[in-house]
Amino acid sequence: MRVPAMSCGDLLERFPSRATYVKIDLEGADLSCLMSIPKSRLPGYISLEVPIHRPERHLDIIFTLRALAERGFRSFRVVMQGVFCPTSAPFGCSSGPFGEDATDALVGQNWRSEKEVTR
C-alpha cells in the first residue's frame with residue numbers, strides 16, 4: 001500500500017500566509033519536521049515536545065534548541081505538559097497555553113535564552 005506523504009515544510013507552503021503558531025508533536029520526528037520548514041515560512045511561535053524527564057534524551061533538547069536558535073528563535077519557554085494532562089481527563093490531554101500565554105516551568109511568564117534553558 002502506498003500512502004502519500006509530505007514534509008511539514010511542504011504542508012506550510014500550501015497556505016498563502018505565514019502561520020502565527022505551529023504545534024509539532026510527531027512522536028520523535030519533531031526535529032525533522034522543524035528542519036523541513038524554510039526559514040521564510042517559520043511561524044512566530046513553535047511548540048515542540050521534548051522529553052525532558054528522560055536523561056538519555058538530554059541531547060535531543062540541546063539539538064532542538066540549537067536548531068531553533070539557528071533558525072532565528074532567541075527566546076524559549078519550557079512548559080510541563082503533564083500539568084495540563086490530568087489522569088482523569090475523559091477527552092485526552094492538552095499542551096496548555098502557547099506563545100505569550102505559555103508559562104515556563106521555572107520562570108513563569110519570562111522567556112529564557114538557549115543557554116539559560118540548557119544550564
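Trainee: Asp104 and Arg112: buried or exposed?
Mentor: Both Asp104 and Arg112 are buried. Keep in mind that this is a predicted model.

Trainee: How do the side chains of Asp104 and Arg112 meet?
Mentor: In a salt bridge, 3.1 Å from N to O. The pair also counts as a polar contact between the two side chains.

Trainee: Why does Arg112 count as buried?
Mentor: Because its relative accessible area is 11%, and buried means under 20%.

Trainee: Where is Arg112 in the fold?
Mentor: In the loop between α3 (58-70) and α4 (114-118).

Trainee: Which residues is Arg112 in contact with, leaving aside neighbours within four places in sequence?
Mentor: Arg74, Ser75, Phe76, Val78, Asp104, Leu106, Val107 and Val117.

Trainee: How many salt bridges does the count come to?
Mentor: One. Asp104 and Arg112 form a salt bridge.

Trainee: What about Arg41, then? What is its nearest side chain of opposite charge?
Mentor: Glu13, at 4.2 Å. Arg41 is buried but has no salt bridge.

Trainee: Why does Glu13 not count as a partner for Arg41?
Mentor: A salt bridge needs the nitrogen within 4 Å of a carboxyl oxygen. Glu13 is 4.2 Å away, so there is no salt bridge for Arg41.

Trainee: Which backbone oxygen does the Arg41 side chain reach?
Mentor: That of Ser17, at 3.4 Å.

Trainee: And where does Arg41 lie, and what does it touch?
Mentor: Arg41 sits in the loop between α2 (30-36) and β2 (45-48). Not counting residues up to four places away in sequence, it touches Leu12, Glu13, Phe15, Pro16, Ser17 and Arg18.

Trainee: Phe15 is on that list. Where is Phe15 placed?
Mentor: In the loop between α1 (8-13) and β1 (21-24). Phe15 is partly exposed, because its relative accessible area is 48%.

Trainee: Which residues form the nonpolar surface patch?
Mentor: Met6, Leu11 and Phe15. Together they have about 290 Å² of accessible area.

Trainee: Now the layout. How many helices and strands are there?
Mentor: Four helices and two strands. Along the sequence the pattern reads α-β-α-β-α-α.

Trainee: What share of the contacts links residues 24 or more positions apart?
Mentor: 62%, out of the contacts with a separation of 6 or more.

Trainee: Let's take Leu31 as a case. Where is it, and what does it contact?
Mentor: Leu31 is in helix α2. Leaving aside neighbours within four places in sequence, it is in contact with Phe63, Thr64 and Ala67.

Trainee: How far is Thr64 from Glu114?
Mentor: In space, 10.0 Å from C-alpha to C-alpha. In sequence, Thr64 and Glu114 are 50 residues apart.

Notes:
Residues numbered from 1 in each chain as written. Predicted model: local features only at pLDDT ≥ 70, side-chain atom pairs only at ≥ 80, totals over all residues. Heavy atoms only, no water. Buried < 20%, exposed > 50% of the residue type's maximum accessible area, 1.4 Å probe, protein only. Polar contact = N/O pair within 3.5 Å; in protein donor to acceptor, adjacent residues only side chain to side chain. Contact = heavy atoms within 4.5 Å. Lys, Arg positive; Asp, Glu negative; His and termini not counted. Patch = residues over 30% accessible without salt bridge, like charges linked within 9 Å, V, L, I, M, F, W, Y side chains within 5 Å. Areas by Shrake-Rupley, 256 points an atom, 1.4 Å probe, with all protein chains shown as cover.
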